[in-house]
Amino acid sequence: MTDDEIPEGEAVLPFAVPITGKFAEAAAGDLKSYRKRAENGFPGGPPAATSPFMTDIETMRAMAESEATARMSLHSMLIDIVGLSFDTALDHVRALEHDIVRDPAPVWSPLVSARAVLESCLFLEYLIDPSISCGLRLARCAGLWRKDTDHATKAARVFGPEQQAGAANMDTYVTRALKDAKVLECHNAKGTLVGYKVDGAAASLDFSITERARTALPAWIPMPYGLLSGAAHSRPWMTDRARKTGMNAGSGLVGEAATVMTALMVAMASLEMSLKAWQGYFGCDLAETLTELEEHRRQGRIYLLAMAHAVES
């Protein structure tokens, strides 16, 4: 029997086995190949004339000059955030590639890295969701900008007067920029700022990552966020499994191939989600890239299943 065959006649749970060196190398290589395809799959050229991106631009250009300038500036920042979010996601994928092959083998850390990939990609998808209006897009961006400014203000209290002054200046700048763009504040019954409204479309200051993941991720992946959070926060219902597996093996915590495969699928699903949002908003043709990525994922899962359950001859 070769080292990439599953023994016949044995009932096994897919990937519910300890991580081996050969499996880890194969999994990291598979993810790296997928990441490179996603990273280099963008066609050249400008956004399509009929794309939601160009619709947003034309909508803003039709406004009075001062309002158009302020909104175009907000929209430009949104596009910068989108690019930064995708680059950040790719950076976390690279970290995951290295984590998989470390010695000793990882236990839950791949899921934590996968969570970072997912959150970066959800940030991107939230802002360039092709199904929403320009007003709602700008309202979402305004909410995230205000939330980020609030975080910076709180952090500055720890560092000292100079940082506090800088944060106060930023707060003033953001308030003025949103006012110039005619972004209206939304308050609750207690007078607390809870979001923004642009051209009648309202968005909160932040979004629920769990709910966004539930609606935005590809249909082929089960909702993973609870599992990722359990790993990040060391929930006993998860960590106890690694301890018991280690006790059976006469060692400490033992990571399973299932953890690595879950991390891979989350990372791949997140990148796929980002590319589809990018395609929808900018009108670029990513059909060939997405088809290649789907085939890569399907073939990779079959190969890695064999590698995880391989039996040395």
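## Phe42, Trp278 and the aromatic pairs

Phe42 has a relative accessibility of 27% and therefore counts as partly exposed; buried denotes under 20% relative accessible area, exposed over 50%, and partly exposed the range in between (1.4 Å probe, protein chains only). Trp278, with a relative accessible area of 22%, is likewise partly exposed. The model is predicted: local features need pLDDT of at least 70 and side-chain atom pairs count only at pLDDT 80 or more, while totals for chains, interfaces and linings use all residues. Residues are numbered from 1 along each chain as its sequence is written, and side-chain values use heavy atoms, with hydrogens and water left out.

The count of aromatic pairs comes to 10, where rings of Phe, Tyr and Trp (its six-membered ring) pair if their centres lie within 6.5 Å, with planes under 30 degrees apart termed stacked, over 60 edge-to-face and the rest tilted. The ring centres of Phe42 and Trp278 are 5.3 Å apart and the planes lie at 65°, so this pair is edge-to-face. It joins distant parts of the chain, 236 residues apart: Phe42 belongs to the loop between helix H1 (21–39) and helix H2 (52–61), and Trp278 to helix H10. Both residues belong to one aromatic cluster, formed by Phe42, Phe53, Phe86, Trp278, Tyr281 and Phe282.

A further pair consists of Trp145 and Tyr173, whose ring centres are 6.1 Å apart with planes at 75°, so the geometry is edge-to-face. This pair also links distant parts of the chain, with Trp145 in helix H5 and Tyr173 in helix H6 (residues 161–180), 28 residues apart. Trp145 is buried, at a relative accessible area of 15%, whereas Tyr173 is partly exposed at 49%.

## Helix H6 at Gly166

Helix H6 also contains Gly166, which is partly exposed with a relative accessible area of 39%. Gly166 and Thr153 are 13 residues apart in sequence, and their C-alpha atoms are 8.7 Å apart in space.

## The H10–H11 packing

The axes of H10 and H11 come within 11 Å and cross at roughly 175°; axes are lines fitted to C-alpha atoms, for helices over the stretch in contact, and angles run from 0 to 180 degrees between N-to-C directions. H10 is therefore roughly antiparallel to H11 (angles under 35 degrees count as roughly parallel, over 145 as roughly antiparallel, 65 to 115 as roughly perpendicular and the rest as oblique). Contributors to the contact (heavy atoms within 4.5 Å) include Met261, Leu264, Met268 and Leu275 of H10 and Thr289, Leu293, Arg297 and Leu304 of H11. By class, the contact has 11 nonpolar, two polar and four charged residues; Ala, Val, Leu, Ile, Met, Phe, Trp, Tyr, Cys and Pro count as nonpolar, Asp, Glu, Lys and Arg as charged, and the others, Gly among them, as polar.

Thr289 lies in helix H11 (residues 287–308) and counts as buried, at 11% relative accessibility. Not counting residues up to four places away in sequence, Thr289 touches Arg37, Gly41 and Leu275.

## The buried face of H7

In helix H7 (residues 209–216), Arg212, Ala213 and Ala216 are buried. Seen down the helix axis, the buried residues of H7 fall within an arc of 100°, so they line one face; the arc is that of the directions from the axis to the C-beta atoms. Among the elements covering these residues are helices H4 (109–128), H5 (134–159) and H10 (257–282).

## Overall organisation

The chain has 11 helices and three strands, taken as DSSP runs numbered from the N terminus (helices H or I, at least four residues; strands E, at least two). Of its 313 residues, 45% count as buried. Among contacts with a separation of 6 or more, 75% are between residues 24 or more positions apart.
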